[in-house]
Amino acid sequence: MADGSTDTERSRVGMKQLRGTGASPGVALGPVVRVDRWLPPEGRRIGPAEITVESDRVAAAAEAAARDLEGLASDLVTKGLPAEAAIFEAQAAMARDHTLLEAARARIAGGVDAATAVRGAADDAAAQLAALDDPLIAARAADVVDVGRRIAEVLDPSAVAPQVSLEAPSIVVAADLAPSITATLPRDRLLGIALEQGSPTSHAAILARGYGIPAVVAAAGLLDAVGSAHARTIALDGTSGEVTIEPDDETRAVLERTVALARTREADEASDAAEPAVTRDGVEIRLLANIGAPGEAAHARALGAQGVGLFRTEFLFLERRTPPGEDEQATAYREVVEAFAPDPVVIRLLDVGGDKPIPFLRLPAEANPFLGVRALRIAGARPALFETQLRAAMRAAAGLPPGVVKVMAPMVADGVDADLLIRLAADARRSLATSGVAHGEVALGVMLEIPSAILTADAYFGRVAFASLGTNDLAQYTLAADRGNPQLGRYQDALHPAVLRLVGDAVSAAERAGIELSVCGELAGDAAGALALVGLGIRRLSMAASSLPAVRRVLRAATVSELERRSADALRLPDAAAVRAMFADPPAD
Ligand code: PEP
Ligand code: MG
């Protein structure tokens, strides 16, 4: 993903290039439709006699807007987009928020009409959020403004913001986009979205990803560069974050080829997706997807994922004030399970804490968050959080054969941690049985991302059903290199021989215990990494859906016998770069 937003304006006449942040992958080229911030009509001054009436009206309008938002949310649930629905459910809660209503009432008491008051109150609240250092919270500013606008529209239906209509396939350019506007953009004519503000976690970005529309956010200087004219042409790359305004003929020709190639590649990938990843010497490697929200399941399936090897559940917990309830979680998990059954889905328990704070958990700040009270370690003090997740997963497994739904614990250090997972699951199962709630059998497994969990595997592998190597953290903890520190590149590559040795140890321990082993760290989705892992004996690889086609291709061209030879040699190499070089050439017999 791109860094920040340096304007790299090129000298070629008319053409400009900006760099924002890629927020939804894909390339788009087309005419611009600029969506400007809509300015509501001037407010009306009111006299003291109207204060009570206007205050009552604002409360009633807020409730009506909240109900409308809930309606929008349930439409999205019906369309199979629960993660997107959650955005509008959160907005319904904002509409009912007492702080917002009180701020609006204070403005009414100051002599402005209800619609103006609630818009002003929402704008103030948004400005406060936007000023916070936390990008996740700042990203909610557009949502609050949107809620104020909706309540104001109920109060004054003549002042409704215009709908955006796209007459031809176009790229929408805006400062920021309210979720309600993003959700109503005609998807069949929406080629892409480019925003001057926003972040990959803003709801416009989440919706774009859910709809599969390329998007770039935080492209500083975008509106000035585009100017006010519609129908100028821009191109955007939702992975690199690059935006090109008025591409010259030469660049345009290159971009047109890129878009055409991307279309052909997507079509090829979709037709290859049904092919199994079988090596030339007949060994089948099971390819699974890593997903972060139920909306990603369809895309992963389309690219041929044979199940989900890592469903990161953090998305349900981020950007909210209270933990998601058991029902909400069970619905989200069930949606993914239904998209894949009878193929398996591995639900990973909450992996937060330390560097990924969740405000409502009120976790203490730590000097070394990656070495602190993270993930499963939170269960010691907060078992209910994990038991609720386990109950929701067991409910999602109702009526399905054992093993379709699997639950894995992150940050397991040893058998004592594995036993904690087993105990939490037993408590969850017991409470479901006692209350007569329908549920199914879930397989329990551990993430291997701390070296000690592999070094002690023989002591506890017999008590779990499966294990999955989290090579991102495994590299971090093996090489003592913070995975987010850009100065440590050479130590962060999980293809390091030290990490590969641990992978080899995990393969042997899993074979001895007779349990299933997979890899769900980034290494599995990296062509060289996938080859090395298969050479070490791994037969299940889980990766970002977009990596599935390339990994399938390299595996189908390889032979396991050759990969085994190379992997054995790789263990004796000095560093990850040398291992990469060894796996760079296509393996031949
Ligand atoms: C890992 O550590 O390899 C992993 C898959 O988990 P995450 O990247 O979510 O920490
Ligand atoms: Mg991890």
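These legends walk through a few close-up views of a predicted model.

Residues are numbered from 1 along each chain as its sequence is written, and chains are lettered from A and ligands numbered from 1 in the order in which they are written. In this predicted model, local features need pLDDT of at least 70, side-chain atom pairs count only at pLDDT 80 or more, and totals for chains, interfaces and linings use all residues, while side-chain values use heavy atoms, with hydrogens and water left out.

**View 1. An open sheet of 8 strands.** Going across, the order is β1-β8-β7-β3-β4-β5-β6-β2, with mixed pairing. Strands here are DSSP runs of E, at least two residues, and helices are runs of H or I, at least four, all numbered from the N terminus; two strands pair if DSSP finds at least two bridges between them. β1 (16-19) and β2 (21-24) sit at the edges with a single partner strand each, so one side of each has no neighbour in the sheet. On average, neighbouring strands are turned by 30° against each other, direction ignored.

View 2. β5 (residues 190-195) and β6 (residues 215-217) run parallel, joined by 2 bridges. Look for Ala-194, which stands opposite Val-216 in β6. Helix α10 (residues 249-272) packs on the sheet and touches β3 (27-35), β7 (233-237) and β8 (242-245); contact means heavy atoms within 4.5 Å. The direction of α10 makes about 110° with that of β3 (axes are lines fitted to C-alpha atoms, for helices over the stretch in contact, with angles from 0 to 180 degrees between N-to-C directions).

**View 3. The largest nonpolar core.** This core has 101 residues, and Leu-448, Phe-461, Leu-469 and Leu-541 have the most contacts inside it. A core is a set of buried Ala, Val, Leu, Ile, Met, Phe, Trp, Tyr and Cys residues joined through side-chain atoms within 4.5 Å; buried means under 20% relative accessible area, with a 1.4 Å probe and protein chains only. Helix α18 (residues 497-513) gives the most, with 8 residues.

**View 4. The magnesium ion (ligand 2).** Its protein donors are Glu-449 (OE) and Asp-473 (OD), lying 2.1 Å from the ion. Donors are N, O and S atoms within 2.8 Å of the metal (3.2 Å for Na, K and Ca), and water is not among the atoms, so sites may look incomplete. Glu-449 lies in the loop between β14 (443-448) and α15 (451-455) and Asp-473 in helix α16 (residues 471-478), so the pair ties together parts 24 residues apart in sequence. Glu-449 counts as buried at 2% relative accessibility, and Asp-473 counts as buried at 2% too.

Methods. Buried < 20%, exposed > 50% of the residue type's maximum accessible area, 1.4 Å probe, protein only.
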